[in-house]
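Welcome, and thank you for taking a look at this structure with us.

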Amino acid sequence: HNLSGRQEEGLQCYERSLELLVRKVPDRRKKIADLLHLIGCVYLMNGEHKKAMKLFEESLRTRRKMMGFIHLDVASTLFNMAFLHQTRNRPKKALKCLEEALKIRKLRLPDSEKVAQTNEKIGSLAKALGDRGRAEAAFDEALRIRKAIHGDQHETVAFVYHEMGDLMDDMGDYREAMTRYVEALDIRRKCFGLDHEAVASTLYSMGFTLYNMDESKRALNCFDEALIIRKNRIGEKSKEVGDILNMMGFLHATRGELDEALSLLLGALDIRKYQNDHVKASETLKNIGNVHREKKAFQKALACYEECLSIRREELGFDHDKVADALVAIGNVWSDMDNIDQASQAYQEALTIRSYVHGEKDERVATVLQYMGILEFRSGDIDKAKQNLEDYVTIKQENNAAGDRDYVNVLFIIGNIHKIKGEDEFATKRWTEAYQVAQSSGIAKSNPQLSKVMNNLLNVGPDEAQHESVANQSSAGTSTSKMSIMMERIAEGFVEEAESAHVLAQQSQANRKET
């Protein structure tokens with residue numbers, strides 16, 4: 001029945017057998033334990049996780065009692081329990097079960113497929129938990145066994161190489177990740193040919209790593225090749241094709257190729273709506289909104305962000321970080337349109353959600369405070385701006401994150417606020433701190449305009465710095481002096497750049513892990 005896909009009939013047979021064994025021959029404990037295990041597997045396949053876990057636990061107790069703690073059947077139950085724990089988002093419990101199963105299998109079946117398989121699962125879980133050392137050791141052992149059994153050119157070897165590539169990418173070791181992916185790709189092409197889903201899978205992961213290495217053109221080539229394979233193999237309306245189109249559109253947007261980006265993203269949106277994948281559709285809508293915003297089509301951007309927000313509230317609830325993310329995007333576009341009240345309302349709602357979800361001292365809360373501070377600075381409410389930006393600085397310092405571009409930007413603006421208020425000593429203190437952080441972190445090298453302005457402020461004097469810097473700035477907004485206009489424009493550009501980098505990083509990581 002199970003082999004024919006009739007799990008219900010199979011389950012009825014197993015349960016009837018169990019009932020007869022328990023009633024007629026209760027001393028056949030091993031057979032009872034085997035049936036408990038089999039019934040647990042059926043429940044697991046049917047998604048009835050609580051029932052499955054209860055049966056696995058009962059089977060494990062019986063097997064340990066009848067056969068001891070180092071029997072292969074005990075390892076089998078532990079392995080299935082690990083899978084169930086992982087499905088229920090309990091990675092630490094899953095890892096504990098796998099470690100115990102591995103000890104048994106290494107003792108009973110050294111250098112076997114079962115040992116390699118268990119090491120692969122341990123590697124994947126350790127990777128998810130951020131334990132690089134344990135993950136590397138497990139994958140290395142799996143690779144050694146796979147090569148010993150199958151030779152160097154086998155799909156099981158390619159699979160381990162691919163997993164190792166994912167691990168290195170997660171840890172930021174992109175060159176090593178590419179080395180592993182290339183090894184996996186070469187084997188898969190030899191085993192399956194050029195037009196196979198396994199080949200597309202590796203090309204897709206390579207695309208993300210190349211993006212992380214700032215090699216967007218090579219990344220697009222990988223995505224394009226994967227796209228052709230997946231269209232041919234699994235269909236043009238498949239969710240995998242939608243994932244690639246979404247990522248390619250996103251990458252074209254980062255390269256400033258906005259029309260191409262929009263075309264690809266609209267294709268991704270069509271597929272994701274066709275697949276009824278509402279959450280992914282919301283991600284694509286946000287990307288489309290970002291492209292419209294970049295094209296200065298603010299009303300179109302707003303419409304996309306609002307549809308994204310509506311979907312996320314419906315699918316995820318009102319108190320979810322992705323809802324806050326959509327609200328921040330709405331706040332940004334209202335800010336672009338100089339609608340301070342609407343922008344402030346969106347930011348405030350995002351702040352409330354993130355404070356509730358992550359706590360008031362989380363860096364994601366600090367990000368919203370930064371946006372609010374910039375908005376208030378632009379609107380002339382410098383006291384409110386200063387308070388929000390000072391809160392941002394405090395959170396960053398408490399999280400040991402006081403050294404990135406956003407942090408320099410905020411210190412710079414706080415100094416400007418002090419200058420406007422006539423508090424020259426405090427202004428110089430904040431500018432000095434911003435200058436020192438920019439120099440020590442290397443930010444000054446990549447932002448010569450900002451470095452030049454701060455250098456002039458600290459060494460030449462405010463009046464001369466104002467004259468030199470404003471000469472190259474167009475007037476914008478309403479501020480109390482040309483100095484504040486110049487600083488405001490630099491600050492706004494800095495925030496836009498930082499926001500874009502943050503969104504791109506989130507999108508890249510989320511898309512790769514989804515796939």
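**A first look**

Helix 6 and helix 7 (residues 132-150) pack with their axes 8 Å apart, at an angle of about 155°. The model is predicted, so local features need pLDDT of at least 70 and side-chain atom pairs count only at pLDDT 80 or more, while totals for chains, interfaces and linings use all residues. Residues are numbered from 1 along each chain as its sequence is written, and side-chain values use heavy atoms, with hydrogens and water left out.

**The chain as a whole**

- The protein chain has 25 helices and 0 strands; these are DSSP runs numbered from the N terminus, with helices being H or I of at least four residues and strands E of at least two.
- Of the 515 residues in the protein chain, 48% are buried (buried means under 20% relative accessible area, exposed over 50%, partly exposed in between, with a 1.4 Å probe and protein chains only).
- Taking contacts in the protein chain between residues at least 6 apart in sequence, 56% join residues at least 24 apart (contact means heavy atoms within 4.5 Å).

**Helix 6 with helix 7**

- Axes are lines fitted to C-alpha atoms, for helices over the stretch in contact, and angles run from 0 to 180 degrees between N-to-C directions.
- Helix 6 and helix 7 are therefore roughly antiparallel to each other (over 145 degrees counts as roughly antiparallel, under 35 as roughly parallel, 65 to 115 as roughly perpendicular and the rest as oblique).
- Their crossing is left-handed, a term used if the near helix is turned anticlockwise from the far one by less than a right angle.
- Residues of helix 6 in this contact include Val115, Ala116 and Ile122, and those of helix 7 include Ala138, Phe139 and Ile145.
- By class, this contact of helix 6 with helix 7 has 10 nonpolar, 5 polar and 6 charged residues (Ala, Val, Leu, Ile, Met, Phe, Trp, Tyr, Cys and Pro count as nonpolar, Asp, Glu, Lys and Arg as charged, and the others, Gly among them, as polar).

**Helix 18 with helix 19**

- Helix 18 (residues 363-379) and helix 19 (residues 382-398) have axes that come within 8 Å and cross at roughly 155°.
- That makes helix 18 roughly antiparallel to helix 19.
- The crossing of helix 18 and helix 19 is left-handed.
- Among the residues that meet here are Leu369, Met372 and Phe377 in helix 18, and Leu389, Tyr392 and Ile395 in helix 19.
- The residues of this contact divide into 11 nonpolar, 4 polar and 5 charged.

**Two buried residues**

- Arg272 sits in helix 13 (residues 258-274) and is buried, with a relative accessible area of 3%.
- The side chains of Arg272 and Asp243 are joined by a polar contact of 2.7 Å (a pair of N or O atoms within 3.5 Å; within protein, one must be able to donate a hydrogen and the other to accept it, and residues adjacent in sequence count only if both atoms are side-chain atoms).
- Cys308 belongs to helix 15 (residues 298-316) and counts as buried at 1% relative accessibility.
- Cys308 and Lys286 lie 22 residues apart in sequence and 6.2 Å apart in space, C-alpha to C-alpha.
- Leaving aside neighbours within four places in sequence, Cys308 is in contact with Ser282, Leu285, Lys286 and Ala326.

**Positive phi in two loops**

- Most residues other than glycine have a negative phi.
- Asp111, in the loop between helix 5 (91-108) and helix 6 (113-128), has a positive phi near 55° and is partly exposed at 42% relative accessibility.
- Asn400, in the loop between helix 19 and helix 20 (405-420), has a positive phi of about 55° and is exposed at 75% relative accessibility.
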